[in-house]
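Here are a few friendly notes to read alongside the model. Please keep the structure open as you go through the points.

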Amino acid sequence: MNDFQIYLHLGFKHIIDLRGSDHILFILALTARYLWSDWKQLLVLVTAFTLGHSITLALSVLQWVNLPVNLIELLIPITILITALANFWVKSFDFKSKYPLIYFFALFFGLIHGLGFSNYLRSLLGKEESIVAPLLSFNIGLELGQLLIVSVILIISFIFVSLLKLNRRRFIQGISGISFLLAAAMVWERLVSFF
């Protein structure tokens, strides 16, 4: 296995690892309001998140941005809390706005999550001569894992909303409520260790 494949695999594994459930939980809260039929809006949303975390992943690995790990680890579940809360105010599912507020949340929160990914990647890089190829392949791996998670969430949405005819708004509120509670527990745990 060459270096590209190694870092691709590590990026993929990092995002789908249940021990790092905060990133999965964020993607769940972020995509809960969408169905398969909303794929265009979902594509823009995921691209905004990707752009955000790619920027800070690169800046942090290059050591141009360096924030305390405890602060980043606290901010990540806060992004989940805010995203889950925002889902409770979704009233319409026509998504006609060209640039809804959720896209900007995804971009901004992606910046925070990129800092979290970078801590892991930096620990792997060691004394690599060039970080460009590992950074690129790790990021592609993250994206592939993210697409897998989004696909699973869309399948679950399809089962509950389209097949079982659960009210879409109630489904979003249920998913968001679970996300909120789990994120609140993470915030509490990380606050305690922060101080």
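1. Helix α3 has 23 residues and spans 32 Å from its first C-alpha to its last, close to the 33 Å expected at 1.5 Å a residue. The expected span is 1.5 Å times one less than the number of residues. Helices here are DSSP runs (H or I, at least four residues), numbered from the N terminus.

2. A word on the ground rules: this is a predicted model, in which local features need pLDDT of at least 70 and side-chain atom pairs count only at pLDDT 80 or more, while totals for chains, interfaces and linings use all residues. Residues are numbered from 1 along each chain as its sequence is written, and side-chain values use heavy atoms, with hydrogens and water left out.

3. On confidence, the protein chain has a mean pLDDT of 88, and 95% of its residues reach 70 or more. pLDDT is the predictor's confidence in each residue, from 0 to 100.

4. Do look at Q63, which comes just after α3 and sits in the loop between α3 (39-61) and α4 (69-87). Its phi is near 65 degrees, a positive value in a residue other than glycine. Q63 counts as exposed because its relative accessibility is 60%.

5. K165 deserves a look too, in the loop between α6 (132-163) and α7 (168-194). K165 is not a glycine, yet it has a positive phi of about 60 degrees. With 66% relative accessibility, K165 therefore counts as exposed.

6. Finally, helix α1 (residues 3-16) packs on helix α5 (residues 101-125) at an angle of about 145 degrees, with the axes 11 Å apart. The axes are lines fitted to C-alpha atoms over the stretch in contact, and angles run from 0 to 180 degrees between N-to-C directions. From α1, the contact (heavy atoms within 4.5 Å) involves Y7, L10, H14 and I15, and from α5 it involves F117, Y120, L121, L124 and L125. These residues divide into 8 nonpolar, 1 polar and no charged; Ala, Val, Leu, Ile, Met, Phe, Trp, Tyr, Cys and Pro count as nonpolar, Asp, Glu, Lys and Arg as charged, and the others, Gly among them, as polar.

Note on methods: Helix = DSSP H or I, 4+ residues; strand = E, 2+ residues; numbered from the N terminus. Buried < 20%, exposed > 50% of the residue type's maximum accessible area, 1.4 Å probe, protein only.
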